[in-house]
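Reader: Please take me through the place where the two chains meet. I want a close look at the contacts and at the charged pairs.

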Amino acid sequence: MPDNARNSGELQALIDDEKFLVRCIAGGDRAAFEKLYRLYYRRLVRFLSRMLSRSHDAEEVLNETMLVVWSKSGKFKATGKVSTWIFGIAYRQALRSLRRSRGIFEPITDDTVVSESDATERAVTHINLSNRLEQVMLRLSPEQRAVIELTYFCDYSYSEISEILDCPTGTVKTRMLHARRKLQRYLGSDWGQH
Amino acid sequence: MNDGPQIFHIADTAHRNAFELLPWYVNGTLSAAETASVAEHLKVCLRCQHELAQLSILNDVIGADDGALTLEPTMMRAHGLIDAYERDHGSNQRWGIFRSLWRRPTRTSAVLAMSLASVVVVALLLLKFDGSSNADFTTLANATSKSPAYELTIIFEAQATHESVRELLIDIQAEIVHGPSDEGGLVVAVPRSDADKVIAFLADSPIVSSFAVPERIPSR
């Protein structure tokens, strides 16, 4: 198990600081907006890149997300977490972007994959797991990609992910199970031997 | 009895629960009770041990940093988007402040206040024109003439009472413009169409000592 121990005092201070920033943004404070932007930039670009598969699209959707943060900051509920609120907005913006470009970044279905095991074997030799994972992630649905990314990159709990994706915790667990099965199938022995 | 690692069937509830929670066991976000439960199950489940090893690799690979990113130019574009948004929605937002103030409680209070004010104004008007009120000549003299046509100066007899003067003024539909003077005279306005009748009425009235007809009143 990795060392994910968090200092609860520091974490609470960070959460309070982010809520303060959102309140300032609601009052039209651009400096507060910049600070929040810097805090979330890397995480959001990474999350959206995985969701959308292209960094250019990710940055565009990131700015659409932050524009929503700017315009809706007055409606943020102080009882919630700023991070789950922002990631929820980013997730919905990503799905909207995917719908706009439907057909280009649709997940590759099993029917379209010809001899997956052969393809895996050819690729394994020269591509490391990280690069291979980039390709395999595209075979997941956007919802499954979101669950994987929010869990492993953003370190969210399943209840936080259910809040971000606006679905029950059972749905989060089911999406994760399906994603894991697909990753095992497509990564094959490459995963286990890493 | 074998206490070592085993392969559990997926239908086993404890196994299924632990298997589902493994990703969040790896990222360390489970509750203490869930963590303990998964850890306990891992001791005896070969399938979950293998899965945990794979998920830990996945966690390391996905969790790795992507390297340099271009924050500043992207953030500048975000500011541009906000500028455009503010141009399009700025005026609406400004009015939005007033709209937000004009919420239901405020609106209800305002309507009640206006209704109450209307009632007060009507009551004051009724009081002002009530015949039984204590209005004297001064009060009547301060009343604004609505549509004066001709002004007459009337001098009353000494025995004329307050009430008799009032009845006369009502009879001729006169409105006091000025008075009473030291001689007991009133300047009143009468409708143009009734000028001849008013003059005849005043001439016959026992409480009128005399009255002056201005030049613009047609002479009899």
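Author: What follows goes from the contact between the chains to the salt bridges and then to the nonpolar cores.

The model is predicted. Start with the extent of the contact. On one side stand 39 residues of chain B, in contact with 44 residues of chain A. The size of an interface is often given as the accessible area lost when the parts come together. Here chain B and chain A bury about 4100 Å² between them. Carbon and sulfur atoms carry 63% of that area. In chain B, the residues that lose the most area to chain A are B:Trp24, B:Ile62 and B:Ile82. Together they make up 16% of what that side buries.

Next come the polar links. Between chain B and chain A, 17 residue pairs are in polar contact, both residues being at pLDDT 80 or more. Three helices of chain B each supply at least two residues of the side that touches chain A: H1 (13-26), H3 (46-63) and H4 (71-101). H4(B) gives the largest share, twelve residues. By class, the side of chain B that touches chain A has 21 nonpolar residues, nine polar and nine charged.

Now the charged pairs. Side chains of opposite charge can pair when their charged atoms come close. The count between chain B and chain A is four salt bridges. Over all chains, the count comes to eleven.

Take B:Asp83 first. B:Asp83 forms a salt bridge with A:Arg30, with the closest N and O atoms 2.5 Å apart. This pair crosses between chains, from helix H4 of chain B to helix H2 of chain A. How accessible are the two partners? B:Asp83 has 34% relative accessibility, so it counts as partly exposed. A:Arg30 has a relative accessible area of 26% and is also partly exposed.

A second bridge joins B:Glu72 to A:Arg38. Its closest N and O atoms are 2.7 Å apart. The bridge is part of a network of salt bridges that links A:Glu34, A:Arg38 and B:Glu72.

Chain A also has salt bridges of its own. The side chains of A:Arg100 and A:Glu64 meet at 3.4 Å, N to O. A:Arg100 lies in helix H4 (residues 82-100) of chain A and A:Glu64 in helix H3 (residues 55-72), so the pair ties together parts that are 36 residues apart in sequence. Another salt bridge is formed by A:Lys81 and A:Glu160, at 2.4 Å, N to O. It links distant parts of the chain, 79 residues apart. A:Lys81 sits in the loop between H3 and H4 of chain A, and A:Glu160 in helix H8 (residues 158-165). The accessibilities of this pair fall on either side of the 20% limit for buried residues. A:Lys81 is partly exposed, at 28%. A:Glu160, at 15%, counts as buried.

Last, the nonpolar cores. The largest has 82 residues. Those touching the most other members are A:Leu36, A:Phe47, A:Leu48, A:Phe87, A:Ile148, A:Leu150 and A:Leu165. Helix H2 (residues 30-52) of chain A gives the most to this core, twelve residues. Leaving aside residues up to four places away in sequence, A:Leu165 touches A:Tyr91, A:Ala146, A:Val147, A:Leu150 and A:Arg175. Another core, of 18 residues, lies apart from the largest one. Among its members are B:Val190, B:Val198, B:Ile207 and B:Val208.

Definitions and conventions. Residues are numbered from 1 along each chain as its sequence is written. Chains are lettered from A and ligands numbered from 1 in the order in which they are written. This is a predicted model: local features need pLDDT of at least 70, side-chain atom pairs count only at pLDDT 80 or more; totals for chains, interfaces and linings use all residues. Side-chain values use heavy atoms; hydrogens and water are left out. A nonpolar core is a set of buried Ala, Val, Leu, Ile, Met, Phe, Trp, Tyr and Cys residues joined through side-chain atoms within 4.5 Å. Buried means under 20% relative accessible area, exposed over 50%, partly exposed in between (1.4 Å probe, protein chains only). Helices (H or I, at least four residues) and strands (E, at least two) are DSSP runs, numbered from the N terminus. Contact means heavy atoms within 4.5 Å. Buried area is the accessible area (1.4 Å probe) that two parts lose on being put together, summed over both. A polar contact is a pair of N or O atoms within 3.5 Å; within protein, one must be able to donate a hydrogen and the other to accept it, and residues adjacent in sequence count only if both atoms are side-chain atoms. Ala, Val, Leu, Ile, Met, Phe, Trp, Tyr, Cys and Pro count as nonpolar, Asp, Glu, Lys and Arg as charged, and the others, Gly among them, as polar.
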